[in-house]
Amino acid sequence: MANLNITSILEKMTGKDKDYRYMATSDLLSELNKEAFKADQDLEPKLTSTVLQQLEDASGDVSGLAVKCLAPLVKKVGEERVVEMTNKLCDKLLNGKDQHRDTASIALKTIIAEVTTTSLAEKILISLAPQLINGVNMGKNAEIKCECLDILGDLLHRFGNLSKNHEYMLTALLSQLGSNQATVRKKSISCIASLAPSLSDDLLAKATLQVVQLLKKRSAKSDITRTNIQMIGSLSESANEYTDDEDASWKVRRASAKCLSAIIVSRPEMLSKMYLETCPKLIERFREREENVKMDIFNTFIELLRQTGNVTKGQSDIDESSPRWLLKQEVPKVVKSINKQLREKSVKTKVGAFSVLKEIVVVLPDCLADHFGSLVPGIEKALNDKSSTSNLKIEALVFTRLVMASHSPSVFHPYIKALSGPILSAIGDRYYKVTAEALRVCGELVRVLRPNLNASSVDFRPYIGPIYNAILGRLANQDQDQEVKECAISCMSLVVSTFGDSLQRELPACLPILVDRMGNEITRLTAVKAFSVIANSPLRINLSCVLDHVVSELTAFLRKANRALRQATLGTLNSLVVTYGGQIGSSSYETIIAELSSLIRKSIPNVGLAVRNKVLPQALVLIRSALLQGQALQALQKFFASLVQSANTSFDALLDSLICAAKPSQSGGLAKQALSSIAKCVAVLCLAAGDQKCASTIEMLKGILKDDSATNSAKQHMALLCLGEIGRRKDLSNHVQIENIVIESFQSPLEEIKSAASYALGNIAVGNLSKYLPFILDQIDNQQKKQYLLLHSLKEVIVRQSVDHTGQSELKDSYIEKILALLFNHCESEEEGVRNVVAECLGKIALIEPEKLIPAFEACEASSCPGLEHSCPHKPNLVKALLPELLPLLYDQTVVKQELVRTVDLGPFKHVVDDGLELRKAAFECVDTLLDSCLDQVNPSSFIVPFLLSGLGDHYDVKMPCHLILSKLADKCPSAVLAVLDSLVEPIEKTITHKPKGDAVKQEVDRNEDMIRSALRAIASLSRISGSDYSIRFKNLMNKIVATPTLAEKYSSVRSE
C-alpha cells in the first residue's frame, strides 16, 4: 500500500504545475522520514531518478525540498543506488550546466554527510574520488576546481582512512599549491589537511619535505610562499584553520599560535623550555594588531598557564627550573602588557585580557600583590564604561573575586574606595549574571574590609551602609533569578557575621527575610548555610528575634529526603547549640535529640543532655559499619570521649558496650574497618577516663592474650588492635613484657591475628621509640620465620613517625642508619612479600632522608618501582631531578622479559610461571603515580607506544593499572592519546570481548567481569577526547559496544559511576 502511495506521489512530482510539484515533493519527504518506510527493488530506480530530476527543477522551492529528501533517501535505498546517485551528481557537477552546479554540489555533500556504513563509504570513495581528482586536475575553471576540492575535503575528512590511493590523491592535491588562483590553493590546503590524519608516516614526511623544498625556492612569488607556510601549519595540526577570503601575513601568525597551543597541550615535559623560549614571544605579541590573532595568542598563553597548573599541582616554586618559578619571573611583563590591552577600545580584547589575568591568579595565587594597583583603573573602566558589555563586566568581576580571595586583604585596602562604587553599582545591573557575580565579589569585599574582627587597619564603617543597602535591595526582591537570590542570601550572611555589631538596628528587618527564605524550597539550602555563617561569627550576633523559629525550621529539615539539606542542617544546628545553647529551650533540645537519634546511622549527632539512652544504642550500631571513616569516625571518637567524662555515664559500661559491639554476629564476623573503628574508640575512651582506668584496661587486654583457648580468637584479635591503638597514643613501658606477650601472637595459625599482632607491636613502639624500636630491629635480624610480620611492625613505626617533624627528627637522629642497613640487607630477599614491605618502608623513609635514599633506588632495581611509588606522591621534587635517568629503567620493567618466564613440568600438564609479572605491575603503578606528581617530566607519547600498548595486552594484573593510566592520560594529555588512538583499540577490544573458558571457576569469571568494566572505564575516558570520533577504529568499537546488549549495559553503568 505504501509503495502504491509513493508511485502516485512520484507521478505528481513530474507534473507541470509547480505548486503540485512542491506539495508532492513535500509529501515524499514526509514518507521518507517515516521509520516504517521501505521501497521495493522495482520502485528504487524510479524513486532515485525522480528526486535527482527535481534537483534541477526551475522552482527553487522544489529543488530545495528535493535536496532535503536526499538525507532520508540514502538510508532507505540500496547501496548500489546511492553510488549511482553520487555518480550522476558528480557528472552534473563536472559537465552539467552552470545553474545546476551549486545544487549538485550541495546534494553530494548531503549524501556524504548521511553515509554511516563502512561498506557504502568505501564504494562511494572508490567511485567518487577519482572523478573529483580529475575535476581538480582538468577542471575548466576555478569554480569547478573549488567545488571538487570542497566535496573531496568532506569525503576525506570522514572516510580518508578507508582509501587505498593516498599517494595518488596527495600528489594531485600538492600540485594545486602552485595554482594561480588563491581560492584553489586555499581549498587544496583544506583538502590535504583532511587527508593528513590518514596518511602513513612516510607519506606525511614526503608531503612535508616537498612543501619545505618549495619554501626554499627564492624565485617563488610571495603568495605561493605564504600558501606553503600555511600548508606546513595545516599539516602540523591536521586541520585547516583558514576561512578568510584573502591571504595575509596574520594567517601565518594565527597558525603559529595554534601550532604552539597544540605543542603545549601534547608535550607537558617541554613546559620549562616553553617558558624560556616561547613565553616571552607570546607576551610580546599581546600587542598584535589583528583582533582574531590576538585572541588566539591569549588562548595559547592561557593553555600554557593551565598546563602549568596541571603538571605542577602540589609542587613548590622554589626550584628555578620549575615552570611555576619561571612563570613567576614573567608576571611583571604580563601585567605591563595586559594593562596596555585594558586601555584598548575593543571589548573583545579586554575580555581576553581579563581571561589571562584569571588564569594567572588560579595558577599562581598571591602573584599580583605588587601589581594590583596598576590593574585597578582597568577594572573600574570595565565596570563603569557605558560601552562595556555584560560579558566584559562578568570577566572583570570574576577576576576581582579571584584576586581578592587569593591575596592578603592588606593588598586591597588602598583601593577600596575606588573599587566599592563600581562593584555596588554592578549589583543593580539588569542582567542577572552580572548581578550574581557582583554579589559574590561583594562577599570577598566584606572579608577584605574586616579580616580581623578584633583589630582593623582600615576604617570600614563608611562602607557598611552602602553595602548593606545594596544587598538588602536584592535580598528583599522575590521577582528575580534563583542565582541572584542565593548570592544575595550568602552575601548578607557574610555582612551580618562581619559587621553585625554595627547593624543592631537593621537586624530585626534583615533576619526575618533570611528565615522566610528557609521556607522556600529553592533557597532553603542556601539560607540554612547562611545561618551557620552567622552563628559561627565571633561577634555573637543577637538572634533572639528569630532563634526559636530557626531552630524549629531546622529540626523539621532533619526529616527531609534531601541529603545535602540534612547535612547542612546538622552543621547549622551544631553552630547554634555551641553559640546560643543557653537561649534554646529544653523542649527544643528534646525535639532535636529525638530527630538526631533517628539519623545516627547516617550521620554523627552532637552530644546533648539526653543522648545516653537515645543516641548511644544507635552509635553502637554505627560503629559496626564497614564504611565508617574520616570525619565521621573522628566525630564518633569525640562522642565517646565526651560521654565518659559526663557524670551520669559509667566507663566500665561504655567499655563493655564497645567490646560487645566487636563480637561476631550470627551472619559472621565484622569487617576489618569496623574492628579498627571500635579499637580506636576504645583507645580514646581509656585515655579520656584517666590513667587508672587505662592501666586496668591494658591488663585486662593482656589477660585475653595470655588465654590460649582455641575459642578465644575473636577476643584476641580485638585485644591486639586495642593495645596497638592505646600504645600509639600512650607509653606502655610500665606494663612489663607487653612486647613479648604481643609477639607470641605471631605463632597463631590465624592470619588476621598475626596481622593484628604486627600492627599492635609497631604502634606500641611508636609510644616509646627508645625502648621498643631496638627490640623490633633485633628481632628482625634474629627471627627469620617472623621476619615478614616484624617488617610490617617496622613499617607501622616508619609510617607513624614520618607524618610530623618531631617523629621524623626522633627517627632520623637515632635509628635511621640502622634501619636503612637492615632494609637494604633484605631488599633482595627470596620472599616477594618481604621485598614488597621493604620497598614500602624505603618509600616512606625517602620522605625523611631523601639525600640517602633516592640515589640508592638506581642501584636497587628490583625494589625501585614500589619505592618510587611510595615517595613520589608526597615529595615529587625528591625524584624529579633523577627522572631522566630513572624513567628508561622504569619503562624497561614494564615489558615482558622472556628470561623471567619459565615452564614448570607437573607431570600430566605444564604450568607457565611469569616471575616478572609483579615487577611489571609495580612499574605501571609507579608510572601512574608519576603522572599525578611529575607529569612535566614524562613524555606521554614515548610511553604510550610501545610500553602502555604492551601493558594493555598483558596479564590481568597488569591491564588493570594500565586502564587507569590510559584514563588519566586521556584527561591530562588528550593530544598524545589521540595521535595513537587507532593502535590502542585492538588490545582494549580483545579485553572487553574476552570470555572465560566454559569450566572456569567463579573467581575467574568475576575477575574477567572486573577487567571488562575497567576497560570500559578507559573507553569512556577516551570517548570524551575531542576528535576521538575521527578514528574509524574507535568509532567502530563504540558502535560494537552499543550494539552488544551486555556491553552496552555495562558501559552505561560505568559512565554513570
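**Aromatic pairs**

Author: There are eleven aromatic pairs in the structure. Rings of Phe, Tyr and Trp (its six-membered ring) pair if their centres lie within 6.5 Å; planes under 30 degrees apart count as stacked, over 60 as edge-to-face and the rest as tilted.

The model is predicted: local features need pLDDT of at least 70, side-chain atom pairs count only at pLDDT 80 or more, and totals for chains, interfaces and linings use all residues. Residues are numbered from 1 along each chain as its sequence is written, and side-chain values use heavy atoms, with hydrogens and water left out.

Take Phe354 and Phe399. Their ring centres are 6.0 Å apart and their planes lie at 40°, so the pair is tilted. This pair links distant parts of the chain, 45 residues apart. Phe354 sits in helix H18 (residues 347-363) and Phe399 in helix H20 (residues 390-406). Helices here are DSSP runs (H or I, at least four residues), numbered from the N terminus. Phe354 and Phe399 are both buried, meaning under 20% relative accessible area (1.4 Å probe, protein chains only).

Now Phe460 and Phe499. The ring centres are 5.4 Å apart, with planes at 25°, so this pair is stacked. It too links distant parts of the chain, 39 residues apart. Phe460 lies in the loop between helix H22 (432-449) and helix H23 (461-476), while Phe499 belongs to helix H24 (residues 482-499). Both Phe460 and Phe499 are buried.

Ring pairs also build a cluster. Its members are Tyr891, Phe924, Phe943 and Phe947.

Next, a buried cysteine. Cys686 is in helix H34 (residues 672-689). Its relative accessible area is 0%, so Cys686 is buried. Leaving aside neighbours within four places in sequence, Cys686 is in contact (heavy atoms within 4.5 Å) with Phe651, Cys694, Thr697 and Ile726.

The axes of H53 (residues 1002-1023) and H55 (residues 1045-1055) come within 9 Å and cross at roughly 65°. These axes are lines fitted to C-alpha atoms over the stretch in contact, and angles run from 0 to 180 degrees between N-to-C directions. H53 and H55 are therefore roughly perpendicular, a label for angles of 65 to 115 degrees. On the H53 side, the meeting residues include Glu1009, Ile1012 and Arg1013. On the H55 side, they include Leu1047, Lys1050 and Tyr1051. The residues of this contact divide into seven nonpolar, two polar and five charged. Ala, Val, Leu, Ile, Met, Phe, Trp, Tyr, Cys and Pro count as nonpolar, Asp, Glu, Lys and Arg as charged, and the others, Gly among them, as polar.

Methods
Helix = DSSP H or I, 4+ residues; strand = E, 2+ residues; numbered from the N terminus. Buried < 20%, exposed > 50% of the residue type's maximum accessible area, 1.4 Å probe, protein only. Parallel < 35°, antiparallel > 145°, perpendicular 65-115°, else oblique.
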